[in-house]
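Let's take a walk through a model together, one stop at a time. Please have your viewer open, and follow along as we go.

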Protein chains: 2
Amino acid sequence: MSDEQELGITESKQYNTGEWYAEVVQKAGLANYGPEGMSGFIVTRPRGYALWESIQNYLDGEFKKTGVQNAYFPLFIPESYLEREKDIVEGFDPEVAWVTHGGHEELEERLAVRPTSESIIAPYMARWVRSHRDLPLRVNQWASVVRWEATETKPFFRTKEFLWQEGHTAHETRDGAWDETMTRLSQYRSLYEDVLAIPVLRGAKPEHDKFPGADTTTTVEALMPDGKSVQAGTSHYLGTSFAEAFDLTYTTEDEDEEPAHTTSWGLSWRSLGALIMTHSDDQGLVLPPTIAPEQVVIVPIWQADTQEKVLEYAEDIADELEDAGVRVELDARDERNPGFKFNEWELKGVPVRFEIGPNEVDDDVVTAVHRPDGESVELDRENIAEAVQEQFDEVYAKLYAAAEENLEENVREASARNEILGTIGQHGGYVKAPWCGDEACEDEIKDQIAAEIVMVPLNDEDAEIHDGEDCAVCGDDAEETAYFAKSY
Amino acid sequence: MSDEQELGITESKQYNTGEWYAEVVQKAGLANYGPEGMSGFIVTRPRGYALWESIQNYLDGEFKKTGVQNAYFPLFIPESYLEREKDIVEGFDPEVAWVTHGGHEELEERLAVRPTSESIIAPYMARWVRSHRDLPLRVNQWASVVRWEATETKPFFRTKEFLWQEGHTAHETRDGAWDETMTRLSQYRSLYEDVLAIPVLRGAKPEHDKFPGADTTTTVEALMPDGKSVQAGTSHYLGTSFAEAFDLTYTTEDEDEEPAHTTSWGLSWRSLGALIMTHSDDQGLVLPPTIAPEQVVIVPIWQADTQEKVLEYAEDIADELEDAGVRVELDARDERNPGFKFNEWELKGVPVRFEIGPNEVDDDVVTAVHRPDGESVELDRENIAEAVQEQFDEVYAKLYAAAEENLEENVREASARNEILGTIGQHGGYVKAPWCGDEACEDEIKDQIAAEIVMVPLNDEDAEIHDGEDCAVCGDDAEETAYFAKSY
Ligand SMILES: [Zn+2]
Ligand SMILES: [Zn+2]
């Protein structure tokens, strides 16, 4: 038997969130830690990778519908290229893994393992763009990146190597690039809200926390059950600074030469971390039916004299569901009892379980059990493929509602420094407070309680600053509303 | 205007194959060379990457239908892991790119950028496998690998970094592992023959040219128009040596502990190189309709007084084809004349061109032109979506037949050393010769003419060795039939 099946979850989500999370990841067969000598790396097992493939398929489809093409740029970036955009060097310098030798030879110039690819993609986009007719240009790559962070590993949330997509686009105008930035942010929101059952907030990062060299960094933030915020995807309007550093210019209709306005946007397997963390419980993984590798597991329950009819009935249903495009697993193992199977499939996060015994066969029904709350529903055998879709919708709605409730209950307001500290200390979550825009005021909170400004909301009327409001920290005039939170 | 559109192909496929290939790759917009300081690397542009995505989609689908799951293993492998399988170290040592620094710190143990992943995957498979019930275990990853070869770069054929898939499986028995090895080789053959329109030969590599540590390396070989063979995909039966080195064992039904039999198999973007090289010509890229990003381009031909009716008719056809799932491009650019468009789409390899002028509109027809040979066919407007599929089949058949003819004409026999040298020197292609199995006999040929034994055929009755046949090189008893060829 494989190691992950030996035991159920022993840690508590509520009291030991970190340990519980690590246990779910391993026991549900999603990932293992990397080998000795490679702390900070993980091995993504087939069950974990299948979830990432679903995320990829969804986003890749959305991107392609909106004019994005995939490409592939080298894994390595020469040090001199990294240095051409000074903010990039400064931003990533402490986190770069360096290749210094090829075979037995020392390299003349050391090569960075890509921490992000702006500085190798921009020079090529510069070669491909001549005139305004070549714009907008949109490329995306699905790749792995390496950032040599020293902090503790948390599978999917924080690893030295991670999988992501990075999109890079060039436009004629600021407006074009800004629309692009927002389009991608919306697609990230849609991934979370429509596929992963996680509501998110949209905002901009404060000036001092932008992507190195960016004009504006926008973000979707998801609130985890432990009260911390996850930066769940970012979309950057880079202005013309990258274009200027890398000569990415175009000729206008009037034959003038102008720098392009560029964007970049990325979403990583951290989305998987948020998915696991948000919905799972002390029985193990919980997945929404949208993304679960198996949407239904059928567990037949028989005695010797009923085995044949129960199995036949169950197989028939499995076939019908499969034909209807439902991802279904019939667990007909003889050597395991139903209770063992229930536990195992709960651990693995299958959203709906069908229990089928002799009574179900006799009554022409199926007992369906929802993974998140154990609710049990009797379904008619007829039209089972339609009925199961309704169950999926219900399970999705339950997961979304729970996450939404957590979010809504955990956005609080504060108008003074101690109120920010006290509220986050007691409840976690987000604290909205008027803010002068000065990094020093964030530092004061950060030093006390390790919370930071995770975003300033976009298009949120509630968050508008009115005349006479003061910064909750220093008392100077407030410029914007800041969302303070602890974060991953 | 982008750089690749500035000129058509100037080199000759027949007389300057290498330069011609490099020109097609760049001018058709498939790839660029890497930046200064990174010779041996390429940038894969969207048009090139779309071809790779098609290859991925096909193979990934075939793999999943036959029990393979995707996973993802770290990009880096600790040096001590590489050293656990001595043949692997020796085989890849001169080609490894080494990471020595993370951020500002020197690493305690240097890390290899994966040249292949057996030595990091096997130890994890060992953790996941306990009993015979966990077997067979099949994992695959789509990833990039780095091999620091010093030879000249040829985009897709020979690059320091390349994209590939690597499958790794474990089985109870030799038979199970051998069947797996053959299943993957068949899927590779099918990719070439059914999708890329390239016939291949299947064989085994000679003992001295096996994958390091393998029991048997099998290969599909494709003959390029310049008479050289491409190793187009390999599938290795690894025996139990990797399992023994990495403790990948299982308990049998009788509770005995046995080492698993393992396989690995890989196919890289070299398949793209073979695709481009095989079918393209002095007008540029030629693609089979199975894989072409645009299967049909519609070029409307109008005068001022016919523009409206021609365009309307063309748009109508484009819509109808698109609805039928055909990948169609309507080139309605006003600023370019039809001749320019013909050349551009020929350069880009679109397999079928529709020419639509006022005559076609009046007669309710379409003029279809086949990219490979310029054959022109008049199709009825009615049922155009069905008719175009027939044209696709015809174009595919033409491409396949031409490649097959090249292959069949270029397998020759020889029974003496000078005959091998003379035949390869004059014609290129494959020379079949009886061989004693001794590497020294291959070396003699290699030293003279840089040809090697690319394979020993599998299941080929024509190639059976009969009593009394002698090695064509040394005259000792022959053990098998060797295919000598120059190779990429
Ligand atoms: Zn302040
Ligand atoms: Zn010999």
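How much area is buried between chain B and chain A, and what share of it do carbon and sulfur atoms give? In this predicted model, the two chains bury about 5,200 Å² between them, and carbon and sulfur atoms account for 58% of that area. Counted by residues, the interface brings 64 residues of chain B into contact with 63 residues of chain A.

Now for the polar side of this interface. Between chain B and chain A there are 25 residue pairs in polar contact, with both partners at pLDDT 80 or more. Strand 5 of chain B, residues 97–102, gives the most to the side of chain B that touches chain A, with six residues. The count of salt bridges between the two chains is two. One of the salt bridges joins B:Lys64 to A:Glu53, with the closest N and O atoms 3.1 Å apart.

Let's move to the metal site. Which residues coordinate the zinc ion (ligand 1)? The donors are the SG atoms of A:Cys436, A:Cys441, A:Cys471 and A:Cys474, at 2.2 to 2.3 Å. Along the sequence, these donor residues follow the spacing C-x4-C-x29-C-x2-C. The angles among the four donor atoms run from 105 to 114°, and the site is tetrahedral. For reference, the ideal angle for four tetrahedral donors is 109.5 degrees.

A:Cys471 has a relative accessible area of 4%, so it counts as buried, the cut-off being under 20%. A:Cys474, at 36% relative accessibility, is partly exposed, because that class covers values between 20% and 50%.

Our last stop is a lysine in chain B. B:Lys205 sits in the loop between strand 9 (201–204) and strand 10 (216–223) of chain B. Is this residue, B:Lys205, buried or exposed? It is buried, because its relative accessible area is 9%, under the 20% limit. The side chain of B:Lys205 makes a polar contact of 2.8 Å with that of B:Glu221, and another of 3.3 Å with the side chain of B:Gln231. Beyond its neighbours within four places in sequence, B:Lys205 is also in contact with residues including B:Lys210, B:Thr217, B:Thr219 and B:Val454.

Key: Residues are numbered from 1 along each chain as its sequence is written. Chains are lettered from A and ligands numbered from 1 in the order in which they are written. This is a predicted model: local features need pLDDT of at least 70, side-chain atom pairs count only at pLDDT 80 or more; totals for chains, interfaces and linings use all residues. Side-chain values use heavy atoms; hydrogens and water are left out. Donors are N, O and S atoms within 2.8 Å of the metal (3.2 Å for Na, K and Ca); water is not among the atoms, so sites may look incomplete. Four donors count as tetrahedral if all angles lie between 85 and 135 degrees; four count as square planar and six as octahedral if opposite donors are over 155 degrees apart and all others between 65 and 115; anything else is irregular. Buried means under 20% relative accessible area, exposed over 50%, partly exposed in between (1.4 Å probe, protein chains only). Contact means heavy atoms within 4.5 Å. Buried area is the accessible area (1.4 Å probe) that two parts lose on being put together, summed over both. A salt bridge is a side-chain nitrogen of Lys or Arg within 4 Å of a carboxyl oxygen of Asp or Glu. A polar contact is a pair of N or O atoms within 3.5 Å; within protein, one must be able to donate a hydrogen and the other to accept it, and residues adjacent in sequence count only if both atoms are side-chain atoms. Helices (H or I, at least four residues) and strands (E, at least two) are DSSP runs, numbered from the N terminus.
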